[in-house]
Amino acid sequence: MDDLRLGLLLNAVSPAVGGVLVRGEKGTAKSTAVRALAALMPDVDVVAGCRFSCAPGAPDPGCPDGPHEPAAGTARPARMVELPVGASEDRLVGALDIERALADGVKAFEPGLLADAHRGVLYVDEVNLLHDHLVDLLLDAAAMGASYVEREGVSVRHAARFLLVGTMNPEEGELRPQLLDRFGLTVEVAASREPEQRVEVVRRRLAYDDDPAAFAARWADEETALRERIVTARSLLPRVELGDAALRQIAATCAAFEVDGMRADIVMARTATALAAWAGRTDVTEEDVRRAALLALPHRRRRNPFDAPGLDEDKLDETLEQFGGNDQQDPEPDPDPDGGPDGPDGGPDGGGGIPPQGQGPDSGPPERRENEPAEAPAGGPGAGEQAAVRAAEPFRTKTLSVPGLGEGAAGRRSRARTEHGRTTGARRPRGALTKLHLAATVQAAAPHQRARGRSGPGLVVRRDDLRQAAREGREGNLVLFVVDASGSMAARRRMSSVKGAVLSLLLDAYQRRDKVGLVTFRGTGADVALPPTSSVDAAAARLEELPTGGRTPLAAGLLKAHDVLRVERLRDPSRRALLVVVTDGRATGARGADALALASRAARLHAAEGTAAVVVDCETGPVRLGLAGNLARELGGTAVTLDELRAESIAGLVRDVQATTPGNSTVRNRRAA
């Protein structure tokens, strides 16, 4: 927990560092540690009665509760405000009473969580599961230091400067790059593998459960000392000097690791300065720069979603040594690996660093290129398992979408009724009004003005007149991959191309905020290699490890997919599914069984339930049986070849996957045509 504690304490010393993202496996006290930070934060002086926590010495001139007269103010504890993953937009930014604004011209504003978090901490648990529209609002507030609420021309602005802290389990999916870059620091948390440490954790937890008050009293002195040290470091921070040598090392380190933009340089500089103040020094040392790099750069060096965060510590030490001292740049780096200073976890192994090529054992498929397995013969019925092969290079794919209009979670794939997007009409609000359709509201209220006794220029509006704007945007879908891993797919070039295609579709799913699942079939049956999840990189890892060989139980794969989708419909009825079957269409089974007929029956089950489907035809060679096309017709979907899947391929690919959904006039009309 040392890195987690240090990251939180550095942000308490210098909120300008920009917050911290805590990544780690479940059950490692991530949330407990973050919530404990509030008790260590110094008190905040605020204007009495101000709902937006204005500072008495420098109140916000645009504060909705202002203007504020100069006053001494009152002290209160710093706030730790939690943003639930399922929060609404109004709960985050605040809500305007549209009815009063239209009828009386009054800006009746109820502050949201951003106002509560001003000059405090905004904590998001499971931040990787936060909806995109909330992420956009957080990005805007973090960039501008203010929150804007606008509803049909009625606008309210207030200051919103906060320390952003997020926790996440990477198994459940990654963050959008824009939000990832907004976190100043990132730390990895894992449970200790030392028995004595685990014993002590259990002892302390049991002691807290037995008597929480006594447990808190036991550590009160240490918490008080820690709080005083934070106050001391804050007062020392303005006197810390960041010399040119340290700045050169910071710039050289960011350039060496090819991080995007300049935010990394600024965060490293602020972190190194905070480290010096925390240590009670007024000068920044090379060790401060090194520790700042280990906290500020790992999440910024990812080249694609499947890269594991991390930093090559040998390369870091070489860069710091090369650009250390007072010289502008040494002509040659010191060949002696022991010549540079080692930090607490320095040295050849790096204490948690990654190999020089920048990859870890669990990295995604694009990066694992070494140790290619030997060629193995294609397997037929009864053939043995063959080693996994690497995936071909991913490519940009054509857009595949589910037909019709859904109502699922916000995303970027299929058309859906959403809270954001282009306005397509108006309706009566269900519950609280969120997006006013002004023209429809005025049209509903206009015929009743005489009966309501209107005498002035203002419009007399009743709640029944209000109309909600109906908007159309995009939703995320559940993309379930059903991959043929049988002997007929085992030829090295074919399976490599297939994996490259699936990997490309996974990258597309990551960008479109989809959930993904993976079903494979080979030998005598089918397996759920990965249940539906938001972790696209987990699916990529399972894909790379996929072996091949044996028979082709296509029907078993389709039936297993049917079971998975049935369960997911119960869990999340609003999320529509897209079934992607990757196969050459062949089917084999037990002797005497008509495998193709069984596969057709299984496909018709999906068609009967209206599941949108696409078949990626992997058949190659001069003679083709067209079995994948037959399967697509049974599914009520469409078939595409590997070449047609590429975005740069010839035009004319049907992008909307046709499904036999009852009442889908578009599909019926196409078939009739």
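A: The sulfur of Cys54 has its closest cysteine sulfur in Cys63, at 3.7 Å, which is too far for a bond. A disulfide here is a pair of cysteine sulfur atoms within 2.5 Å, and by this rule the count is zero. Cys54 is buried, with a relative accessible area of 4%; Cys618 is also buried, at 0%. Buried stands for under 20% relative accessible area, exposed for over 50% and partly exposed for what lies in between, with a 1.4 Å probe and protein chains only.

This is a predicted model, in which local features need pLDDT of at least 70 and side-chain atom pairs count only at pLDDT 80 or more, while totals for chains, interfaces and linings use all residues. Residues are numbered from 1 along each chain as its sequence is written, and side-chain values use heavy atoms, with hydrogens and water left out.

Of the 673 residues of the protein, 48% count as buried. The protein has 21 helices and 20 strands, taken as DSSP runs numbered from the N terminus (helices H or I, at least four residues; strands E, at least two). A contact means heavy atoms within 4.5 Å; among contacts between residues at least 6 apart in sequence, 77% join residues at least 24 apart.

Helix α20 (residues 627-635) has as its buried residues Leu627, Ala628, Gly629, Leu631, Ala632 and Leu635. These pack against α18 (554-571), β18 (577-583), α19 (595-608), β19 (612-617) and β20 (638-641). Gly636 follows α20 and has a positive phi, near 75°.

At the other end of the numbering, the axes of helix α1 (residues 2-13) and α12 come within 9 Å and cross at roughly 90°, with axes fitted to C-alpha atoms over the stretch in contact and angles running from 0 to 180 degrees between N-to-C directions. That makes α1 roughly perpendicular to α12, a term for angles of 65 to 115 degrees. Leu6, Leu9, Leu10 and Val13 in α1 meet Thr271, Ala274, Leu275, Ala277 and Trp278 in α12.

Confidence is given by pLDDT, the predictor's score for each residue from 0 to 100. The protein averages 80, and 82% of the residues score at least 70. Among the elements, helix α12 (residues 263-278) has the highest mean pLDDT (95) and helix α21 (residues 665-672) the lowest (39). Over residues 326-383 the pLDDT is below 50, and over residues 649-673 pLDDT stays under 50. Where pLDDT is low, the predicted coordinates should not be read in detail.

Methods. Parallel < 35°, antiparallel > 145°, perpendicular 65-115°, else oblique.
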